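I opened this notebook page to record what I looked up in the structure.

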Amino acid sequence: MRIFAAVAAAAVLATGCQAAANELHPSQEQPKAATRGALGQIVVDGESRTVYLFEKDEPDESYCHGACASVWPPLTTSKAPIVGAPLDKSKLTLLKRGDGLTQIVYAGHPLYYYQGDTDPKDTNGQEKDQFGAHWYTLHPSGQKAEAEGDEGGGKDAS
Amino acid sequence: MKVVAKMRPDPATTPGRSAAATVARYVGALALIVTGAAHLQQYYAVYFRVIPTIGPLFLVNFVVGVGLGLALLAPLQHRAPEVHRLAAIGGIVFSAGTIVGLAISENGTLFGFHEHGYRSAIVVSLIAEAVAIVSLAAYLIGSRQSASTPGRRPSFRTQPGASPS
């Protein structure tokens with residue numbers, strides 16, 4: 001048992017005790033825009049953490065549940081978000097999920113975090129092909145963001 | 001009254017009970033391996049490897065589950081039976097800990113991680129963990145009874161009709 005405890009402790013320390021995104025107790029979210037290198041200006045949450053759209057989703061309908069929602073936690077809010085320029089307030093709606101959480105939707109795209117982003121400025125989920133479709137960051141216009149010169153097609157499903 | 005010692009087989013060491021303990025050990029071992037395999041599947045196939053802290057812990061779960069399972073399957077019952085008993089105790093603690101971890105993440109957060117729902121992999125893992133706890137506890141009880149008594153022990157009875165000496 002000492003070995004097990006030591007291995008578990010080592011695993012925790014090896015990951016720097018980083019906490020995954022917690023969408024269970026949201027506050028009033030304040031999505032905004034931030035610049036991310038070649039992606040340009042994209043939508044982020046109030047703490048500048050990158051958020052994504054899921055291509056499988058339909059307008060105002062999330063198809064990310066179960067394991068998907070564990071890896072891609074929805075961006076939730078306790079009440080109507082506060083939105084400022086350059087985001088368009090008229091494009092912002094809310095989606096009541098099956099688990100009772102209220103997810104933020106922008107331009108018809110339910111928004112998600114990516115558990116693989118350990119730094120707010122990370123965009124590791126960009127063009128990931130997971131859970132049946134690709135994931136992209138999105139511009140304040142509501143269009144999916146792609147790096148300049150990138151015709152899309154996605155990276156591997158890692 | 002004359003007291004005589006009469007030999008009779010101990011129930012704990014009868015072939016049937018010994019075989020039951022062995023089966024319980026094997027079942028517990030396989031259940032631990034299934035638990036570890038389910039976590040490995042989630043780690044690779046469902047991308048849990050990207051989740052901070054939880055991802056590595058899923059890999060640890062696989063390593064520990066399979067390690068304990070193999071230790072229980074190893075033919076050490078004659079040379080080092082203590083290994084089986086320690087692995088069984090470890091397997092019970094490991095399984096209970098895994099269930100507790102899941103319960104915390106389902107109802108709240110564990111290292112900031114929240115688990116969504118009870119998909120098939122989670123159900124399989126929960127069943128395997130429950131089976132491991134029950135079977136390994138049965139094995140420990142059976143093996144302790146066997147260890148605490150020799151193969152045959154005297155049974156003291158009062159012989160009817162015997163006069164006290």
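I took two strands as paired if DSSP finds at least two bridges between them. Strands (E, at least two residues) and helices (H or I, at least four) are DSSP runs, numbered from the N terminus.

The model is predicted, so I noted that local features need pLDDT of at least 70, side-chain atom pairs count only at pLDDT 80 or more, and totals for chains, interfaces and linings use all residues. Residues are numbered from 1 along each chain as its sequence is written, chains are lettered from A and ligands numbered from 1 in the order in which they are written, and side-chain values use heavy atoms, with hydrogens and water left out.

Entry 1, chain A strands. I looked up β8(A), residues 133-136, and found an antiparallel pairing with β3(A), residues 53-54, over two bridges. A:Phe54 has A:Trp135 in β8(A) as its bridge partner. β7(A), residues 129-130, also runs antiparallel to β8(A), joined by two bridges. Here A:Asp129 is partnered with A:His134. I recorded a hairpin of β7(A) and β8(A) with two residues between them, where A:Phe131 in the turn has a positive phi of about 60 degrees.

Which residues make the nonpolar surface patch? I listed B:Val23, B:Val27, B:Tyr118, B:Val123, B:Ile127 and B:Val131, covering about 500 Å². Patch residues have over 30% relative accessible area (Shrake-Rupley, 1.4 Å probe, only the protein chains shown as cover) and no salt bridge; nonpolar side chains (Val, Leu, Ile, Met, Phe, Trp, Tyr) are joined within 5 Å. A salt bridge is a side-chain nitrogen of Lys or Arg within 4 Å of a carboxyl oxygen of Asp or Glu. α4(B) gives the largest share, three residues.

Notes
Patches are made of residues with over 30% relative accessible area and no salt bridge: like charges are joined within 9 Å, nonpolar side chains (Val, Leu, Ile, Met, Phe, Trp, Tyr) within 5 Å.
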